[in-house]
Amino acid sequence: MMLHVPGVLSPDQVRQMRAALDAAPWTDGRETVGDQGAQVKRNRQLPEQSPVGRELGKTVLAALARNALFFSSALPLRFVPPLFNRYEGGENYGVHVDGAVRAVPGGEQLRTDLSCTLFLCEPEDYDGGELEVIDTYGSHEVKLPAGDLILYPASSLHRVHPVTRGARVCSFFWLQSMVRSDQQRGMLFELDQSIQKLRARLGECEETVALTGHYHNLLRLWSDV
Ligand code: NI
C-alpha cells in the first residue's frame, strides 16, 4: 500500500529545517548504501552521525508520533533514525530496492517493512526529482508539497528521476511495522478508517464498539511486538 500523509510538518517547521540543512555539510550518498544501490545512486546526504541530522530526525519522529493517519497506516514498531538527502544538477537514483535489514544505533537490527520520504521543498522549486515506485499495480510517480510524506512498501523497486533545475531536499527513513504483511496492514488500515467514519456519522454505538473489538483482535492476531 502506498499512502500520502499530508501536513506531517508545518510550514514553519519546514522553514527551520531547511535553514539548518542548507548550512550543513553534505557528503556523497553512496556512503550509506549496498553494492547494487551504489552503482545507481548519485546524490548527497547528511552523514548518519551528523549532529544536525540527528536533531532534525528527532523533530520528524516527534511529528509522526502525533499523526493519527500515519500511525494507523504504518503501525510502526521501530524506526531507523531519519536521514536527509539532496539532489541537484542532474543527480538521480536509478532503479533499486532498499536493503531488507538495517542496523540501528545501539547495535540492533530492524526489518525494513516500509520506506518513507518526507518532502522538504515545494514541487515548483525544482524540475524532475519524482519518486517513482513500481509495484504490482504498475508505476507511480510522486512529488509532494513540502511537509508531506509518502509511505510505501520497502519491498518495491523505486527510483528518483534526475533533478534538472533547483534542488530536491527530503528526509527519508525506514520502519519496522508491528504487522509484517503489507496486505494485513492494509486491511487493518481500511477497517480502522471505516470505523472512524462510522463513529463520526453515528456516534459511538453497539456496532462501532463491536467493530473496534474486531480491529483489536485482528491486530492481536497479526502483530509481532
Ligand atoms: Ni531507496
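How many Å separate the centres of domain 1 and domain 2, taken over C-alpha atoms? The answer is 30 Å.

1. Ground rules. This is a predicted model, where local features need pLDDT of at least 70, side-chain atom pairs count only at pLDDT 80 or more, and totals for chains, interfaces and linings use all residues. Residues are numbered from 1 along each chain as its sequence is written, and side-chain values use heavy atoms, with hydrogens and water left out.

2. Layout. The protein splits into domain 1 (3–177) and domain 2 (182–222); these bounds come from an automatic or database domain assignment.

3. The interface. On the domain 1 side 10 residues are in contact with 8 residues of domain 2, contact meaning heavy atoms within 4.5 Å. The two domains bury about 660 Å² between them, with 62% of it on carbon and sulfur atoms; buried area here is the accessible area (1.4 Å probe) that two parts lose on being put together, summed over both. Within domain 1, Ser72, Ser73 and Leu75 lose the most area to domain 2, together 58% of what that side buries.

4. Salt bridges elsewhere. Searching the whole structure gives 15 of them. One to look at joins the side chains of glutamate 88 and arginine 44, at 3.0 Å, N to O. That pair links distant parts of the chain, with glutamate 88 in strand 6 (residues 83–88) and arginine 44 in strand 4 (residues 44–45), 44 residues apart. Strands (E, at least two residues) are DSSP runs, numbered from the N terminus.

5. The nickel site. His96 (NE2), Asp98 (OD) and His158 (NE2) are the protein donors of the nickel ion, lying 2.1 Å from it. Donors are N, O and S atoms within 2.8 Å of the metal (3.2 Å for Na, K and Ca); water is not among the atoms, so sites may look incomplete. Along the chain the donors follow the spacing H-x1-D-x59-H. Aspartate 98 sits in the loop between strand 7 (92–96) and strand 8 (101–103) and histidine 158 in strand 15 (residues 157–160), so this pair ties together parts 60 residues apart in sequence.

Notes. Helices (H or I, at least four residues) and strands (E, at least two) are DSSP runs, numbered from the N terminus. A salt bridge is a side-chain nitrogen of Lys or Arg within 4 Å of a carboxyl oxygen of Asp or Glu.
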